[in-house]
Amino acid sequence: MGAPTVIAEARRQKRAALDEAAGKALLAHYGVAVPRTTVVQGPDDVERALEGLTLPVVVKVVSPDILHKSDAGGVKVGLRSADEVRDAIRAMAAAPKISSARVDGWLIEEMAPAGHEMVIGGLRDPQFGPLVMAGLGGIFVEVLKDVAFRICPITRLDAEEMIDELKGAAVLKGARGQKPASREAIVDVLLKIGGENGLLMQHAEDIGEADINPLIVSETAAVAVDARFILT
Ligand code: ADP
Ligand code: MG
């Protein structure tokens with residue numbers, strides 16, 4: 001589905017947010033890499049769904065009631081067979097926070113190459129319009145609030161400065177024996193989200209909040225493995 005279509009469809013269904021698959025379709029439309037993804041209704045559909053995917057895969061619950069899927073027991077990574085996928089779906093469906101929620105389906109997607117987890121976000125300021133945010137995942141954003149913001153549209157130089165002003169920037173260069181994250185891939189995603197022709201500028205009227213958490217950045221690529229867009 002194209003970008004205008006996923007937003008129009010969510011509005012038609014009176015949804016306040018895009019579901020994860022729709023969010024990823026929107027990102028893909030702007031050239032941001034996302035895992036190959038499909039959504040099934042239940043364990044019976046798994047065999048066919050896996051035909052188009054390369055193992056191992058991830059399974060996630062799709063529910064408008066569940067914001068943090070892992071906290072609800074709704075994410076399982078590294079599944080290596082149809083049986084493992086089916087078992088994961090059955091186990092998730094029985095988890096208390098999931099059995100009490102509306103479930104629209106189960107997202108199955110390929111694993112992204114290992115790398116550094118970053119957060120790229122967006123929000124709409126009533127005065128300045130779209131803002132783009134970048135940070136490192138985990139404690140850097142959640143505990144240390146180590147994030148960089150810019151008003152859109154951003155230039156390549158802005159994107160580079162955003163990365164450099166993070167207190168955790170050294171981590172991305174491969175501190176403590178880790179492999180470095182591709183700086184070019186991060187800049188590229190920031191421009192596709194916050195640049196002049198980027199997603200936030202193009203949909204300034206529709207998108208209240210954007211959250212790519214995480215963007216997994218390896219030495220060569222950046223893949224958005226979770227995406228949430230709240231509509232205005
Ligand atoms: P939530 O944030 O709702 O708990 P996510 O979709 O972000 O759920 O998944 C939780 C974690 O699982 C991610 O932070 C990431 O570490 C891992 N993960 C999710 N999808 C993938 C994927 N396609 N490839 C690799 N790791 C993934
Ligand atoms: Mg997430």
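This is a predicted model: local features need pLDDT of at least 70, side-chain atom pairs count only at pLDDT 80 or more; totals for chains, interfaces and linings use all residues.
Strand E11 spans residues 227–231. Its covered face carries Ala227, Phe229 and Leu231. Arg228 and Ile230 make up the uncovered face. In a regular strand, side chains alternate between the two faces of the sheet.

E11 pairs with strand E1, residues 17–18, through 2 bridges. The two run antiparallel. Here Leu18 has Phe229 as its bridge partner. E11 also pairs with strand E9, residues 207–217, and this pairing is antiparallel with 5 bridges. Within it, Asp211 is bridged to Arg228.

## Nonpolar cores

The largest nonpolar core holds 43 residues. Those touching the most other members are Leu26, Leu27, Val132, Leu190, Ile193, Leu215 and Phe229. Helix H9, residues 183–194, supplies the largest share of this core, 6 residues. Another core lies apart from it and has 21 residues, among them Ala49, Leu50, Val61 and Trp106.

What does Ile193 touch, beyond residues up to four places away in sequence? Its contacts are Leu27, Val32, Ile120, Val132, Gly198, Leu199, Leu200 and Ile212. Among them, Leu27 and Val132 are also on the list of core residues that touch the most other members.

## Arg150

Arg150 belongs to strand E8, residues 147–151. Is this residue buried or exposed? Arg150 counts as buried, because its relative accessibility is 18% and the cut-off is under 20%.

The Arg150 side chain makes a polar contact with the side chain of Glu165, at 2.8 Å. Not counting residues up to four places away in sequence, Arg150 touches Pro130, Leu131, Val132, Asp158, Glu161, Met162 and Glu165. Val132 is also touched by Ile193.

## Magnesium site

Which protein atoms are donors to the magnesium ion, ligand 2? They are the O of Asn213 and an OD of Asp226, lying 2.2 Å from the ion. This pair links distant parts of the chain, 13 residues apart. Asn213 is in strand E9. Asp226 is in the loop between strand E10, residues 222–224, and E11.

Asn213 has a relative accessible area of 29%, so this residue is partly exposed. The strand that holds Asn213, E9, is joined to E11 by 5 bridges.

Key. Residues are numbered from 1 along each chain as its sequence is written. Chains are lettered from A and ligands numbered from 1 in the order in which they are written. Side-chain values use heavy atoms; hydrogens and water are left out. Buried means under 20% relative accessible area, exposed over 50%, partly exposed in between (1.4 Å probe, protein chains only). Helices (H or I, at least four residues) and strands (E, at least two) are DSSP runs, numbered from the N terminus. Two strands pair if DSSP finds at least two bridges between them. A nonpolar core is a set of buried Ala, Val, Leu, Ile, Met, Phe, Trp, Tyr and Cys residues joined through side-chain atoms within 4.5 Å. Contact means heavy atoms within 4.5 Å. A polar contact is a pair of N or O atoms within 3.5 Å; within protein, one must be able to donate a hydrogen and the other to accept it, and residues adjacent in sequence count only if both atoms are side-chain atoms. Donors are N, O and S atoms within 2.8 Å of the metal (3.2 Å for Na, K and Ca); water is not among the atoms, so sites may look incomplete.
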